[in-house]
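Let us take a walk through a protein together. Please have a look at the sequence and the model below, and then read on.

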Amino acid sequence: MIYYLSKKILLNNNSSSNGLSEIYYNTYSSKINQNLNKTENTFNFIKTLTLKNNSSFLVIIIPTKEQVDPNLLKSQLNNLSSEDYNLNKPQEEIIKILDHLNIKYIDLLPELRKANINNTFYWELDGHFNEKGYTKASEIIFSDLNILLN
């Protein structure tokens, strides 16, 4: 649920004329920066709420299929200089917020990208995990939770 809210707030239909989402650009528009502030406020609210209720809060950062398999963006990336975009930028910004708020997180991107072969983990039609994606995500989360809890 948190992922959905944060993704909706951050993305908010911010696509550029070439079809590449603005969340991948090295320089963000004021609208994206406003959305990042909303995301930080949302995380801070949830952290405060969980602390008041003596609960734990952990964020799972779920990458887009284009981040896991950059070949899916080849046509959009060919029109840009590599200095214009950074496919890791959304994670970097979210992690910066989470570190600032001292919220624990698990970022699925590095492990999914390393294990990916031709969009292994997502349905072709949309950005949702397929069975292999859910399985791999659960393995990463389980492994990282064991490290965080010990």
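What you see is a predicted model, where local features need pLDDT of at least 70, side-chain atom pairs count only at pLDDT 80 or more, and totals for chains, interfaces and linings use all residues. Residues are numbered from 1 along each chain as its sequence is written, and side-chain values use heavy atoms, with hydrogens and water left out.

Let us begin with helix H2, which covers residues 30-52. Helices (H or I, at least four residues) and strands (E, at least two) are DSSP runs, numbered from the N terminus. The 23 residues of H2 reach 33 Å from the first C-alpha to the last, close to the 33 Å expected at 1.5 Å a residue; the expected span is 1.5 Å times one less than the number of residues. Among the buried residues of H2 are Ile32, Leu36, Phe43 and Ile46. Just after H2 comes Asn54, with a positive phi of about 55°.

Next, look for strand S1 (residues 58-61), where Leu58 has its place. Leu58 counts as partly exposed because its relative accessibility is 30%.

Now for the charged residues. Side chains of opposite charge can pair when their charged atoms come close. Such a pair is called a salt bridge when a side-chain nitrogen of Lys or Arg lies within 4 Å of a carboxyl oxygen of Asp or Glu. How many salt bridges does the structure hold? There are 3.

One of them joins Lys114 to Glu111, at 3.3 Å from N to O. These two residues are 3 apart in helix H6 (residues 109-115), so about one helical turn separates them. Lys114 is exposed, because its relative accessible area is 65%, whereas Glu111, at 32%, is partly exposed. Elsewhere, salt bridges that share partners join Lys89, Glu93 and Lys96 into one network.

Lys89 pairs with Glu93, with their closest N and O atoms 3.3 Å apart. Because they are 4 residues apart in helix H5 (residues 89-100), about one helical turn lies between them. Lys89 is buried at 11% relative accessibility, and Glu93 is buried at 14%. Glu93 also meets Lys96 in a salt bridge of 3.4 Å, N to O. Lys96, at 51% relative accessibility, counts as exposed.

How values were computed
Buried means under 20% relative accessible area, exposed over 50%, partly exposed in between (1.4 Å probe, protein chains only).
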